[in-house]
Amino acid sequence: MEKLVIIDAHSHLWLRQDTTWDGKVIRSMKNGRSIFLDEEVQMIPPFIIDGVNSAEVFLSNMDYAQVAAAVVVQEFIDGIQNDYLAEVKSRYPNRFFVCGMCDYLQDGFYEHAEQLLTDGRFQGIAIPGHRLLGRPLTSPEMMRMFHLMEQKDILLSITLADGDRQVAELREVISECPSLRIAIGHMGMANPPQTNPWETKSWREQISLARNEHVTIEMGGITWLYNSEFYPYPTAIRVIREAAGLVGMHKIMWGSDYPRTITAITYRMSYDFLLKSQELTDNDKRLLLGENARRFYRFGELVELPYIKNMSE
């Protein structure tokens with residue numbers, strides 16, 4: 001197989017976690033640990049001893065794994081990282097596509113959103129929709145933002161709650177803003193850890209939204225969803241193939257959910273299970289691992305990364 005272009009469609013960066021969620025603390029500590037919802041956890045790999053999840057450490061991982069570029073999204077549990085991500089994009093313009101984020105939990109966020117959409121710093125806006133249950137994605141303020149995003153051709157990266165709980169809302173957004181480019185994250189939450197994917201069928205409703213022209217699916221965190229199964233994630237492969245049966249392989253993109261997922265595996269392992277699968281064709285792999293993302297996020301010229309042999313080889 002010819003050398004593949006590899007692009008990561010779902011990752012996170014932050015200088016420091018220092019926030020709360022649902023009244024509970026989230027705060028960076030040393031040796032890759034964080035206080036997460038008042039509990040000490042291994043948030044990132046232990047070699048990140050200062051708690052800084054920096055672009056430079058990520059680039060080192062990307063270069064080693066031959067990942068040409070990455071999409072950086074945001075999540076409330078990490079705190080809003082707009083200033084840092086704008087700096088990252090400025091320093092490494094051909095390596096990162098960055099998404100801004102507002103505090104959608106507060107009424108009146110539109111003014112901030114308008115600033116983010118007009119100052120040229122961000123190519124996308126991230127919405128952790130699964131954190132917004134009870135605050136409709138179709139509220140007047142949200143819809144006003146979506147219309148402005150469509151007008152300015154700013155991409156929406158959104159994660160929905162598992163199942164079909166927010167599908168009708170996003171379907172309405174798509175109907176109102178048919179030209180808005182939308183990436184739906186986490187493979188539609190195809191198998192939340194507490195469920196059996198073959199008993200929980202409603203994840204297909206999220207996937208089916210990608211039948212719309214400007215909507216696609218990214219699988220960020222799929223190795224987390226199937227962590228209990230672990231490498232090489234055979235059920236994840238079957239889910240990917242089923243999703244492709246619903247919307248086409250050209251509508252699905254690989255994403256790592258770096259850095260949280262690489263507490264359990266290496267960064268390269270987060271896509272290596274796709275590369276080595278016998279159930280995916282060479283063309284499937286080409287589309288999933290890079291070509292779909294290159295087209296959807298409109299990446300320009302990409303860096304060429306040589307393979308560096310491991311000392312142990």
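Which residue in S9 is the bridge partner of Ala126? In S9, that partner is Ser157.

The structure is a predicted model, in which local features need pLDDT of at least 70 and side-chain atom pairs count only at pLDDT 80 or more, while totals for chains, interfaces and linings use all residues. Residues are numbered from 1 along each chain as its sequence is written, and side-chain values use heavy atoms, with hydrogens and water left out.

Helices (H or I, at least four residues) and strands (E, at least two) are DSSP runs, numbered from the N terminus. Buried means under 20% relative accessible area, exposed over 50%, and partly exposed in between, with a 1.4 Å probe and protein chains only. Gly124, Ala126 and Pro128 point one way from S8, whereas Ile125 and Ile127 point the other way.

Two strands count as paired if DSSP finds at least two bridges between them. S8 pairs in the parallel sense with S7 (residues 96-100) over 2 bridges, and Ile125 in S8 is the bridge partner of Gly100. With S9 (residues 155-159), S8 also pairs in the parallel sense, over 5 bridges. From S8 the chain crosses through helix H4 (residues 140-152) to S9 in a right-handed β-α-β crossover. A right-handed β-α-β unit is also made by S7, helix H3 (residues 110-118) and S8. Right-handed here means that, with the strands pointing away from the viewer, the path from the first strand over the helix to the second runs clockwise.

**Salt bridges**

Side chains of opposite charge can pair when their charged atoms come close. A salt bridge is a side-chain nitrogen of Lys or Arg within 4 Å of a carboxyl oxygen of Asp or Glu. The whole structure holds 18 salt bridges, including those in the table.

| Pair | Closest N and O atoms |
|---|---|
| Glu56 and Arg91 | 2.7 Å |
| Glu279 and Arg241 | 3.2 Å |

Arg131 lies in the loop between S8 and H4 and Glu75 in the loop between strand S6 (69-72) and H2, so this pair ties together parts that are 56 residues apart in sequence. Glu75 is buried, with a relative accessible area of 9%, and Arg131 is partly exposed at 23%.

Glu279 is partly exposed at 37% relative accessible area, as is Arg241 at 43%. Salt bridges that share partners join Glu56, Glu87 and Arg91 into one network.
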